[in-house]
Amino acid sequence: MATYAQSRPLLAAPRLPALRHLGPNWYATVMGTAIVANAGAALPFALPGLRPALTVVWGLSAVLLGGLLLARAGHWAYHRDQASAHLLDPAIAPFYGCLAMALLAVGGATVTVGGDVVGPSAALGAGAALWCLGTAVGLTAAVAIPYLMVVRHRVEPGSASPVWLLPVVAPMVSAALGPQLVPHLPAGQWREAMLLACYAMFGLSLLATLLMLPLIFGRLVHGGPLPLALTPALFLVLGPLGQSTTAVNSLADVAPGAIGAPYADALGTFAVLYGVPVMGFALMWLALAAAMVVRAARNGMPFAMTWWAFTFPVGTCVTGAAGLARHTGLDALGWLAAALYAGLVLAWAVAGVRTLRGLVSGALLAAPGAPRPGTARTR
């Protein structure tokens with residue numbers, strides 16, 4: 001009895017304490033890494049040594065995904081109270097959309113560049129599995145998180161955030177990457193069903209985004225700039241813009257083999273008529289968000305995981321511009337894609353180094369509001 005009584009505190013003690021504050025926002029590191037491979041493969045220019053570099057980045061994204069899936073499983077197993085609190089927190093719950101996009105982004109990169117390592121058949125099989133899983137998670141998040149926002153979260157008036165876009169953008173990523181699988185399906189009903197399912201997810205995500213964008217801009221106009229650490233989240237608005245442009249162009253590529261000629265031709269025209277204006281708005285928002293970030297940096301903007309917003313959304317604009325360049329033949333769009341890609345790689349490198357530094361110091365896994373390791377408490 002004495003031995004049992006002494007062992008109970010050990011059994012009751014929290015295990016893996018480093019995982020307690022590991023939230024779903026960490027999947028942004030996977031998204032931001034995988035998009036470097038996806039966007040690089042979409043560039044209309046062939047650069048020496050680019051393909052091997054993209055393969056390495058894809059491998060890194062796959063390792064990060066596997067590690068984070070295990071870590072997040074540990075978080076739910078050993079810190080279920082904190083995991084449940086995250087779901088009920090309107091500032092954290094939308095990041096569950098990142099899980100879907102991480103699965104989808106790695107799956108897309110597996111099909112695009114992973115075949116150089118594992119072979120085309122294995123890459124296609126893995127990519128299809130990740131697409132199916134990511135799509136299921138994304139559609140669930142697109143319904144569940146807004147549901148929680150309505151019935152469980154307590155959202156203050158004027159508190160709209162770009163983070164709200166994350167769960168509803170996930171189906172758009174499915175729509176953009178689904179065309180990779182269309183040519184490998186049986187001709188006829190299967191291909192057409194897949195094509196139209198992707199368009200349905202495109203519409204789902206687009207209309208939900210159009211509901212939220214006025215709230216976000218209204219919050220900025222009436223409430224002023226976002227808090228310094230949250231300012232990089234303004235780049236998240238680029239996600240649905242760039243990803244929707246990518247989706248319509250990728251779907252137009254595979255439409256001739258999946259649907260009848262009148263519709264296939266119309267979808268090719270729609271890709272340009274939709275993509276060009278949306279890309280114009282994306283560039284305007286990019287300039288506005290960059291100006292806000294410069295202002296925040298001058299006021300002492302600290303490093304936070306929100307810095308990963310500089311990666312994936314910009315990467316979707318790269319693939320969107322590359323798709324438009326492919327359909328219009330306009331060299332200027334190809335150079336735009338290349339310029340955005342250069343910015344993406346720089347942002348990914350900076351965010352990656354700062355994240356690694358924060359992990360080593362323990363600052364990024366500390367409890368919110370806790371003093372950073374190596375700093376003294378002040379009275």
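Is Asp116 buried, partly exposed or exposed, and what is its relative accessible area? Asp116 is partly exposed, with a relative accessible area of 48%. The legends below refer to a predicted model.

**View 1. Salt bridge between Arg51 and Asp116.** The side chains of these two residues, Arg51 and Asp116, meet at 2.7 Å, N to O. Arg51 belongs to helix 3 (residues 50-78) and Asp116 to helix 5 (residues 96-118), so the contact ties together parts of the chain that lie 65 residues apart in sequence. Arg51 has a relative accessible area of 37% and is partly exposed. For Asp116 the value is 48%, which also places it in the partly exposed class.

**View 2. Salt bridge between Arg20 and Asp81.** The model has three salt bridges by the rule applied. In this one, the side chains of Arg20 and Asp81 meet at 2.8 Å, N to O. Arg20 sits in the loop between helix 1 (2-12) and helix 2, while Asp81 is in helix 4 (residues 80-87); the pair links distant parts of the chain, 61 residues apart. Arg20 is partly exposed, at 25% relative accessible area. Asp81 is partly exposed, at 49%.

**View 3. Salt bridge between Arg326 and Asp253.** The N to O distance between the side chains of Arg326 and Asp253 is 2.7 Å. Here too distant parts of the chain are linked: Arg326 lies in helix 11 and Asp253 in helix 9 (residues 238-254), 73 residues apart. Both ends are partly exposed, Arg326 with a relative accessible area of 45% and Asp253 with one of 37%.

**View 4. Packing of helix 2 against helix 11.** Helix 2 (residues 27-42) packs on helix 11 (residues 312-328) with the axes 9 Å apart and an angle of about 15° between them. Angles under 35 degrees count as roughly parallel, and the two helices, helix 2 and helix 11, are therefore roughly parallel to each other. The crossing of helix 2 past helix 11 is left-handed. Helix 11 also holds Arg326, whose partner Asp253 is in helix 9.

**View 5. Packing of helix 7 against helix 9.** The axes of helix 7 (residues 166-177) and helix 9 are 8 Å apart, and the helices pack at an angle of about 25°. This angle makes helix 7 roughly parallel to helix 9. Helix 7 passes helix 9 in a left-handed crossing. Asp253, the salt-bridge partner of Arg326, is located in helix 9.

**View 6. Nonpolar patch on the surface.** Which residues form the nonpolar patch? Phe217, Val221, Phe281, Met284 and Leu288 do, and together they have about 430 Å² of accessible area. Two helices, helix 8 (189-223) and helix 10 (261-298), each supply at least two of the residues. Helix 10 gives the largest share, three residues. Val221 is in helix 8. With a relative accessible area of 53%, Val221 is exposed, because the exposed class covers values over 50%.

View 7. Glu192 is another residue of helix 8. Its relative accessible area is 30%, so Glu192 is partly exposed.

**View 8. Asn299 and Leu228.** Asn299 is placed in the loop between helix 10 and helix 11. Asn299 is partly exposed, with a relative accessible area of 48%. The C-alpha atoms of Asn299 and Leu228 are 7.8 Å apart, although the two residues are 71 residues apart along the chain.

**View 9. Val151 and Trp307.** Val151 is part of helix 6 (residues 120-151). At 37% relative accessible area, Val151 is partly exposed. From C-alpha to C-alpha, Val151 and Trp307 are 30 Å apart in space, and 156 residues apart in sequence.

How values were computed:
Residues numbered from 1 in each chain as written. Predicted model: local features only at pLDDT ≥ 70, side-chain atom pairs only at ≥ 80, totals over all residues. Heavy atoms only, no water. Patch = residues over 30% accessible without salt bridge, like charges linked within 9 Å, V, L, I, M, F, W, Y side chains within 5 Å. Areas by Shrake-Rupley, 256 points an atom, 1.4 Å probe, with all protein chains shown as cover. Salt bridge = Lys/Arg side-chain N within 4 Å of Asp/Glu carboxyl O. Helix = DSSP H or I, 4+ residues; strand = E, 2+ residues; numbered from the N terminus. Buried < 20%, exposed > 50% of the residue type's maximum accessible area, 1.4 Å probe, protein only. Axes fitted to C-alpha atoms, helices over the stretch in contact; angles between N-to-C directions. Parallel < 35°, antiparallel > 145°, perpendicular 65-115°, else oblique. Left-handed = near helix turned anticlockwise from the far one by under 90°.
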